[in-house]
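Hello,

Here is the structure I promised to pass on to you. Have a look at it first, and then read on for what was found in it.

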Amino acid sequence: MIFEFTPEQELLKKAAREFAEEVVYPKVEEMETTRELPEELYQVMGEAGFLGILVPQEYGGSELGTLAAVLVVEEISRISAALGTSFQVHCLGYLPVVRLGSPQLKQKYLPGIATGKYIATGAITEASGGSEPANMSTIATRDGDSWVINGRKCFISNNKTANCTWVTARTKDEPKREFTSFFVDKSIEGYKTGRMENKMGFHGLDNGDLIFQDCKVPSENVILGEGRGITVAMTSIGRMGRMGMAAVGLGVIKSSLDAAVKFANERILYGKPIAELQAIQFKVAEIASLLETSRLLVYRAAWMADQNGSDSDLAPVVAMAKYYATDSAIKASDLALEILGGYGVVEDYHVERYVRDARMIWAAAGTADIMKLSVAKSALSGK
Amino acid sequence: MRPLRIAVCVKPVPDPKQSSSFQIDPVSKTLVRKGIPLVINPLDRHALEAGLRLKESAGGNVTVFSMAPPAAEQTLTETLAMGADEAVLLSDLHFAGGDTLATARVLAAGLKKMGDWDLIICGAESFDGGTAQVGSQLAVLQGLPWITRVRHLEREDDAHLLVTLEDEVEQRDLLVQMPLLLTVDSAVNQPRRLSLLGILAARKRKVTTYNFNDLGLDKNTIGLDGSPTQTRELFTLESSKKVEMLTGNPQQIVAELFTKLGL
Amino acid sequence: MKGGADLKQVWVFAEHQAGQWASVTRELLTAGRNLADRLAGELGVIVVGDELEDLIPTLSNWRANRVFLVQPKGLSFYHPLVYTETITEMVKDLGCPEMILFGATYLGRDLAPAVAARLGTGCAADCCELKLDEQGNLLQIVPGLGGTIFATIVTPNHRPQVATVKPGMLEGEISSLEEKAGIEMPLEIIRVEARIPKNSHAVQLREVRRKPAVEAKLEVAQRVVAGGAGIGNKEGWTVIEDLAKTLGAVVGATRPAVDEGWAEHDQMIGQSGKTVRPELYIGIGISGDMMHTVGIKGKGILVAINQDPKAAIFKQVDYGIVADYRVIVPLLMQEIKNNA
C-alpha cells in the first residue's frame, strides 16, 4: 500500500487547482447571483484537456482514469462545488460510451467529448423516483431500424449545458420488463431541455427536466445492447456518478476546513486568536479528521475502479465512500459555520455556500439511504 | 523557416503566492523553507512559453536547464508537461551557495555539454534573488549577444528575431541575430496552463541529472568558493522609530492627532 | 592618467536624458564622491553620448576628478555589446578602479553584471545603501525575497567591485556634499574610443518610440496618504482619496491595494514601486510589510491607522491608532475643515 501521490498525480492536482483558483474563483460570485454557468469555463476545461480525462488516447483523450478524475473533481469543488458537479456529470455522461459503446458510437462522439464540442449528461431519474428506476414511464418503441423515445426525465444536472446524454427507457414489458439505454445528441429532433429547477445550492449548475418527444434515434445509438439498459446506467452511476459526488464532498470538506482554520487564526477574542480555545480546536480536529477519512475511502474506491474488477465488487465500496463523504461534508460545513460564529451566515465568507452545497450532495447519484443498502448487502453476505 | 534549438533556463523558487507566510529564521537569517512548496520562477514560465511558441511555429525543440537541488526534479517534470522536450537538472553540493556568476558558470557548462543553441531564453529575474544578473552573465560567458527584459518577441526570418524592450524613456524595437540570449518580462506573453494531455506527453520525456563530475568545471569557479560576491550578513530592517499609540475615544484620538501633527 | 595612479578610483556610470543628468546619476555622484573621500581617492565619471558640452562641466559640482567621455559614432542607443566591451577595455587600459557604480535602471541592470562577468568580478544588484568596512571594502546592502529581508554583500577578493543602486535610495546625502562645492577642482576630460566588438551587428535598432513624460508626483510629495488591504473595498478607497484631497496629499498604495484594483501600479510605494520621502505619511489599513515600508524614507512624521493592534506597522511609525479608519478619518477631516 502506498499512501502517497505519484509525481504525475501531483502535477494533475496542480493543473486542476490552478484552473480552479485562476479561472473559476473569479466567477463564483457571478454564478451565485445569476445561477448560470459561464461559457468560458467549459472552454478552458476543454483546452486544458480535463474534459477527456476518461476518453481513450486514440480518441484524443488523456485516459488518466477514475482516480485522476476524482482528484480533478475535488480540486475544482474546493472552489466551486457547482462546477465540480457539472464536470463529474459530464464524465458520467460519456463513460458508458467509453466502456460499453460500439466502435461507431465511440468514433462518433468521443473526439468531440474530449474537446468540449460535446458536453454530456446521463438520464435515468424520473418523477416516479430515482431510487426506483424500474417504475419509469419513459418508453422506447421500435420503428424500423430506429427507436422512438418518449418521456420526461427530471433532476438531470447539465440538462441545459449538455448537448448529449445517455437515456434509459423501458423497451419491453412482457414477458419480463426490459430497459435499454441510448446515446442521444441535440442534433436529433425530439430531445430537448425542459423546465429548470431552482435549487438550494450548486448555483451555476443547471438541473431540471429533459424531454423526449418522438425522439427518433438510429439503432446504432443503443449502448451495449437491447435490454441491457440498467447495466449501462449502473456503469455510469456506479463507476463515476457516485464517485464523482463523493469527490465533490471532499472539495466541500477541504474548503470548510480552510475557511475554519483561516478564521480561527485571525479572529481575536479575549485578546488572542480563537484558535487557542479548546472548543474551537475540537471542532477543527473533527473537520480535519472527516477530511482524511473521507479521502481515504474515496481514493480507495477510485483506485479500485481503475483496477477494472467486477461492478458488483466495486459497488459497495463506492456506496460507502459516497454516503460517508456526503455525511462528512454536511458535518464539516456545519462545524465550519459554527466556528465562524456570526460571520458564518454572511455570504462574503463563503461558508454558508459550503453548507448549502453539502446538502445538495445527499440525494445526487443515489441517496445515502440507497448507498447504505448496498453496503449492508455486501456486509451481510459475509464479504 | 528553419527549426530552432532553444534552451530555457528555469529556477525553482519558494512559491510567491505564499509570501505572506514567509518566516525568517532568527538565527540563520534565512527563509524557513519547510512547508513552502517550490514552483517555477514566475518569469521563467514566460521564458518557457516564449520558447514553446517559437518551436510550435517553425519547429525545433525546447530543452529546459536548471541548477538546483535534487528536489527540483518535480519542478522540471512540470516543464516537460508544459511542452518542453527535455529537461536537464544540474545538481551537486559543489554548486551550492553560488552567486550569480558562479551559477552562470554552471549553466554555461550544462548548455555546452548538450550542444549548440540558436536561442537561450531566461526570465528577467528570479522571485527570490531578484538580481536580474544570471541572464546577461550567462551570455557573456558564452560570448553571445544578449538583450534583457524583452516584452515582445517574434521570428523575423531564419536567423533573426525582432524584439521590443522598454526602458525609462522609450520603447526600442531591435533586430537581433541568433545565436543569442534573451531575458523576458511578464508582458511578453501569457503562459499556457498545465494541461492533462501535456502531463500525458511528459511520460515519454525525461529529466536528466548532471553533477560536478559530468560537467568538467573547476572547483574554484563554482559554488560558495567560486563566488566573487559573498553575503556577510542577513538582516530584517528594524525601525528606529519609537511609536506613541494614541488612545481614547475617537474624538479624543482625532483631537490629539490634529494637535501632534500641527495641522 | 595624471596623479591617479596610486589613488583609489571610484567610477560612476552617469546616465543622462535631454541634456540633464538622470536623478539616479546625481545620487550616484554624491555617493561616489563621499566614498572616494573616505578612501582618500578620486571620482571618475563614465559618460556615453554626444553634445554634452554644457552638461560635462557640471560634474565639478561633485568635485569629480575626471570624466571618461565615450562618443560612439553613429550609435544612438544602448548597445549591450558595445558598452560592455568599452568599459571592460577601459578597466584594462586605464587602471582597475576600486568600484564602478551604476544606477539600477534598465541600462545599469543590464550593463553592470555583464561588465562584472567579463572581468570575473562580483556585482551586487539594487543596492539601497552603500557603506565601507574597516578594510575599505564596499558594503552593498541589497533586498532579497521580494524585499522581506536585506543582505550585506561584499566582494572582498576581486576588483572592481560592481554595484547597481536603486534610484531614490541615496538621495539624503546631496546636502552634505554641496557644502564643499566652493572648492575649485580641475575636471580632466579623457576621450575613450568606443569598442565595437566583431559581433555587434547582431543587435540593430529598428525603431524607437518615446514614452510620454510622466510627472513624478509621489516621489516629490510632501504629504502622502497611503492605503492597504485593510481598506476593504472600492468604496473605502474613496475615503483615502478624500483625506488626501483635504490634506493636499498624494495618494499612495501597497501592492494588495493595487492588485485589488483600487489603485494604479504607479501609485504603489515600496520595494517594487516608488520611494517617498514626505514630511507627513499616513498609512491606513496597512500591515507594515517591509515590502511597502522600505519605500518610505526621510525624516518625516509617520502615522498609522489599523484595526489590528499586532500589525507590524505600529513598530515603524511615530503615531499609531488602533481603530476603524471609517470612524477616525471622517472625524479627522471634519477637525481639519473646522480649523481651516
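Let me begin with a term: two residues are in contact when they have heavy atoms within 4.5 Å of each other. This is a predicted model, in which local features need pLDDT of at least 70 and side-chain atom pairs count only at pLDDT 80 or more, while totals for chains, interfaces and linings use all residues. Residues are numbered from 1 along each chain as its sequence is written, chains are lettered from A and ligands numbered from 1 in the order in which they are written, and side-chain values use heavy atoms, leaving out hydrogens and water.

Of the 340 residues in chain C, 59% are buried, where buried means under 20% relative accessible area, exposed over 50% and partly exposed in between (1.4 Å probe, protein chains only).

Next, chain C and chain B. Here 78 residues of chain C are in contact with 67 residues of chain B. The two chains bury about 6400 Å² between them, with 62% of it on carbon and sulfur atoms; buried area is the accessible area (1.4 Å probe) that two parts lose on being put together, summed over both. Seven salt bridges cross this interface, a salt bridge being a side-chain nitrogen of Lys or Arg within 4 Å of a carboxyl oxygen of Asp or Glu. One of them pairs Arg109(C) with Glu125(B), with the closest N and O atoms 3.1 Å apart.

Which chain A residues supply 31% of the area that chain A buries against chain B? First, the setting: about 1600 Å² is buried between chain A and chain B, and carbon and sulfur atoms give 60% of that. The residues are Glu8(A), Leu11(A) and Lys14(A), which supply more than any other three. In contact terms, 23 residues of chain A meet 14 residues of chain B. There are five salt bridges across this interface, including the one between the side chains of Lys14(A) and Glu78(B), at 2.8 Å from N to O. On the side of chain A that touches chain B, α1 (7-34) and α2 (39-47) of chain A are the elements that give two or more residues. The largest share, twelve residues, comes from α1(A).

Glu78(B) also belongs to the buried residues of α2(B). This helix (residues 73-82) is mostly covered, with eight of its ten residues buried. Gly83(B) follows α2(B) and has a positive phi, near 135°.

Back in chain A, helix α3 (residues 66-79) has 14 residues and reaches 20 Å from its first C-alpha to its last, close to the 20 Å expected at 1.5 Å a residue; the expected span is 1.5 Å times one less than the number of residues. Because 14 of the 14 residues of α3(A) are buried, this helix is largely enclosed by the rest of the structure.

Finally, is Ser86(A) buried or exposed? Ser86(A) lies in helix α4 (residues 81-100) of chain A and is buried, with a relative accessible area of 1%. Leaving aside residues up to four places away in sequence, Ser86(A) touches Leu37(A), Tyr42(A), Asn158(A) and Leu205(A).

Best wishes

Note on methods: Helices (H or I, at least four residues) and strands (E, at least two) are DSSP runs, numbered from the N terminus.
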